Amino acid sequence: MMPPLSPSMVDYVQSAKAGIESVQFIDDLIREYLLFRGFKSTLMAFEEDLEKDQDKGFSAEYIVDELLTMAKELRVDDFLDYWKYLTFRFFSHLSPKYHRTTKMFEARIIRLFLVSAIKAGERMQIRKFMDVHGHALGKQGGDWIPWLGIEYVENPAGRPEFQNFFSDHWFTSLRTALVDFVQTIFPAMAVPRIMLFDKERRKIDALKRRIKLFEEQMSDETRIKTLEATEYESNLVEDHIGIVDAVKSPVIKAADTAATAGDPTDIGQAVGVIHTDEPSSMLKISREDIFLEHNSGISLAKFSVTGDLIASYDDESILKIWSPDPLSSTPKMKKELDFTASAMTWDRKHMHLLYLYDEDGFIHTLNTNTNLLNPHHVVEKRHPWIQAMRASSISSTLLTVCSSKPESTSDLSLRIWDASANKTLATKRLTTKVDTHGISVALNHNGNLAVLAYNTGFVKLLDTRSFETVAKIDTKQQDLCAIEFSMDEDSVIAVTEEGRLTQWSLRRDNQMLAESTLSFSAAAAAASVTAGLLADLRLDSDRVAFTSDRESIVVAPKDQCLVFNVDSAAMTDATRRHKDLVSCIDFAADKSLSASDDGTIRIAEYRKV
């Protein structure tokens, strides 16, 4: 077991960790600076060096995977040379008390090579290795003695001294332990000052998160006083676009409508869950503001990961980066783009980066710290139409889903693109026999799993590292429009255009765990929607958003956001209405946004009661 770090080492780790984590950010700054100065030959040399980077951008997982792959592929000289490099580059910076741990991992990697050679039937590779290194290993004695003759053992996987090393569990444990070890020693390196320049920015971000946490713990009475103090300011904003009526008592209206209509399906009941009149936890709006940021209809709008910034894009190709907080020191950015953006997402690891996908197959990376926009061509000519773009939560990788036709999703191309290295990591083509006209996509917490839901009701779970199919579900629902992982990621929640929610197990094929139906009739009654327009209250993937705990869902079937409890399907609140239809919504932290064809964006803050 690796010994714990000393107090002095812990202090150093804390001071240098921010610098190590800034490597990718610094690389991006260097690229932008070289482009700005016109140093194209220097930039090319810089990119070539990055391609050969043995430090792998200080990614412990990339380093370990490279090392273990060399051993499993029997590239003896490569993995021994790489281990020597890592020892000189990283391990030599550690205290001498870690030398034993380093030697232990070296022995395990050599044994991985020996086991891989046995599995591949390449015993001659073992003989060549032992001719060179067997004498040195024999001097170590101990448990190395049986390994010196492993090439002559007929079935080593059945022998007790070797059996454990042939199991998948041993390899997984080795990889996990080695990744943890490498991650521990990175911060022990002395880093140049340029890698510490954003240390204060990180401290400020941490303080902001702490302040926000304290604000969420404020009493209801304090929140009411804040609302009273800001009511006049909010009304001034409303006057710019006209007064919008509030929805009255949406929860009571939902109950009244159901009682009047006598239709038990107005408010659905989850399978296997006791139905109650009120959900155990209700999401309520504590504050609501509306912003007139655009002069034309808004087609794309996304919160940043923390919810502090909003990126919005309109029909006139105007992109804005702005904060809804009037006290924010973040300057607004307005840029008229020379391309048409079809999809947009924030980088969830490097939160200053925004990705935009255009109609010509380019992904444009916008650095909101410098306002520089760089295009990268990534798409195949056979699949030019973007259907979805999702960002991983732990790395700068994107999943893009493109189709061969604009209105058909029967022929798809899936691509994992590494934004930091500007290269494609994997591609996969998916075709269906049945003609489909819509698809929704979601990633799990680490981006290793992707769930795809076709509008025909077919759901597929994929491993994004290999694009192998992990599970298939046939929901038999012909109008699926949104999909999301449950909180424990053992199931997925599917949403139809008419507001039906179904939860499906990922461990058992085609097993429905729960179902409920969102009642749009309450909001329709409050908004005086006629019976003819009631049939038009339908959802799509851009107008559905789950809260992070998956307890609530926010939908916008027409001109406002409706908030429902997932388990009971009871509507707990609703935003005020826009003058025109809502084009897209988003949810981050404790806030929702709804963007409208009238050029307005409504921000609502929530609290649980």
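Good morning. Of the 609 residues in this protein, 49% count as buried, where buried means under 20% relative accessible area, exposed means over 50%, and partly exposed lies in between, with a 1.4 Å probe and protein chains only. The model is predicted, so local features need pLDDT of at least 70 and side-chain atom pairs count only at pLDDT 80 or more, whereas totals for chains, interfaces and linings use all residues. Residues are numbered from 1 along each chain as its sequence is written, and side-chain values use heavy atoms, with hydrogens and water left out.

Let me begin with the whole protein. The protein has 13 helices and 28 strands; these are DSSP runs, H or I of at least four residues for helices and E of at least two for strands, numbered from the N terminus. Among contacts between residues at least 6 apart in sequence, 52% join residues at least 24 apart; contact means heavy atoms within 4.5 Å.

I turn now to helix α4. How do α4 and α5 pack? Helix α4, residues 60-72, packs with helix α5, residues 76-89, at an angle of about 150°, and their axes are 8 Å apart. Here axes are lines fitted to C-alpha atoms, for helices over the stretch in contact, and angles run from 0 to 180 degrees between N-to-C directions. The two helices are therefore roughly antiparallel to each other; angles over 145 degrees count as roughly antiparallel, under 35 as roughly parallel, 65 to 115 as roughly perpendicular, and the rest as oblique. On the α4 side, Ile63, Glu66, Leu67, Met70 and Ala71 meet Asp78, Phe79, Tyr82, Trp83 and Leu86 of α5. This contact of α4 with α5 comprises eight nonpolar, no polar and two charged residues, where Ala, Val, Leu, Ile, Met, Phe, Trp, Tyr, Cys and Pro count as nonpolar, Asp, Glu, Lys and Arg as charged, and the others, Gly among them, as polar.

Helix α4 also meets helix α6, residues 99-120: their axes come within 8 Å and cross at roughly 40°. Accordingly, α4 and α6 are oblique to each other. In this case Leu67, Leu68, Ala71 and Lys72 of α4 meet Ile109, Leu112, Phe113 and Ser116 of α6. The contact of α4 with α6 divides into six nonpolar residues, one polar and one charged.

Lys320 lies in strand β4, residues 318-322, and is buried, with a relative accessible area of 16%. The side chain of Lys320 reaches the backbone oxygen of Glu293 at 2.6 Å.

Finally, Thr176 lies in helix α8, residues 168-185, and is partly exposed at 41% relative accessibility. The C-alpha atoms of Thr176 and Val64 are 9.1 Å apart, although 112 residues separate them along the chain. Thank you.

Definitions and conventions
A polar contact is a pair of N or O atoms within 3.5 Å; within protein, one must be able to donate a hydrogen and the other to accept it, and residues adjacent in sequence count only if both atoms are side-chain atoms.
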